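Let's walk through a protein model together, one step at a time. Keep the sequence beside you as you read.

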Amino acid sequence: MAHWARIGREIEASASISPKEIAEVLAGSRSYDTLSVKEQALVRAEWSARMDSLREALNLADEFAAAGRVWVELDDNGKVVERPRNTKRAARRAGGRPAG
């Protein structure tokens, strides 16, 4: 909420900012480079908020495990760790019994 309030205040406070042009850039129908420096800053803030939201909703570990896929990632010490597939689901999909 604070993010949107800040953007709204900035737009209202500046006669040089066009909400229509910002919306067009965010919709992909206008070039970012045509915006003023302040408008570009607002667009970057919006892009950042959208990316944060997408990252928060993303859980590839659960998706890979549910699909029976093996994946690698870095642990807290920067060491590469291979994560096992969900063996029960992978075995069911293959028509067999889970290993172990």
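Residues are numbered from 1 along each chain as its sequence is written, and side-chain values use heavy atoms, with hydrogens and water left out.

The chain averages a pLDDT of 78, and 71% of its residues score at least 70. Helices (DSSP runs of H or I, at least four residues) and strands (runs of E, at least two) are numbered from the N terminus. Where pLDDT is low, the predicted coordinates should not be read in detail.

Now trace the chain from its N terminus: the elements run α-α-α-α-β-β-α. That makes five helices and two strands.

How much of the chain is buried? A residue is called buried under 20% relative accessible area, exposed over 50%, and partly exposed in between (1.4 Å probe, protein chains only). Buried residues make up 19% of the 100 residues. Accessible areas come from the Shrake-Rupley method with a 1.4 Å probe, and for residues only the protein chains shown count as cover. The chain exposes about 7700 Å², and carbon and sulfur atoms supply 53% of that area.

Let's look inside. A nonpolar core is a set of buried Ala, Val, Leu, Ile, Met, Phe, Trp, Tyr and Cys residues joined through side-chain atoms within 4.5 Å. The largest one here has six residues: I17, I22, V25, L35, L42 and V43. Helix 2 (19-27) and helix 3 (37-57) each supply at least two residues of this core. In soluble globular proteins, nonpolar side chains tend to be buried together.

Contact means heavy atoms within 4.5 Å. Leaving aside neighbours within four places in sequence, L35 is in contact with E21, I22, V25, R30, Q40 and V43. Q40 sits in helix 3 and counts as buried because its relative accessible area is 16%. With the neighbours within four places in sequence again left aside, Q40 is in contact with Y32, D33 and L35.

Next come the charged side chains. A salt bridge is a side-chain nitrogen of Lys or Arg within 4 Å of a carboxyl oxygen of Asp or Glu. The whole structure has six of them. R30 pairs with E21 at 3.5 Å, N to O, and also with E24, where the closest N and O atoms are 3.3 Å apart. R30 is partly exposed at 30% relative accessibility, and E21 is partly exposed at 24%.

In another salt bridge, the side chains of E46 and R50 meet at 2.5 Å, N to O. These two are four residues apart in helix 3, so about one helical turn separates them. E46 is buried, with a relative accessible area of 5%, whereas R50 is partly exposed at 39%. Elsewhere, salt bridges that share partners join K20, E21, E24 and R30 into one network.

Finally, turn to V80 in strand 2, which counts as exposed because its relative accessibility is 57%.

Note on methods: Predicted model: local features only at pLDDT ≥ 70, side-chain atom pairs only at ≥ 80, totals over all residues. pLDDT = per-residue confidence, 0-100.
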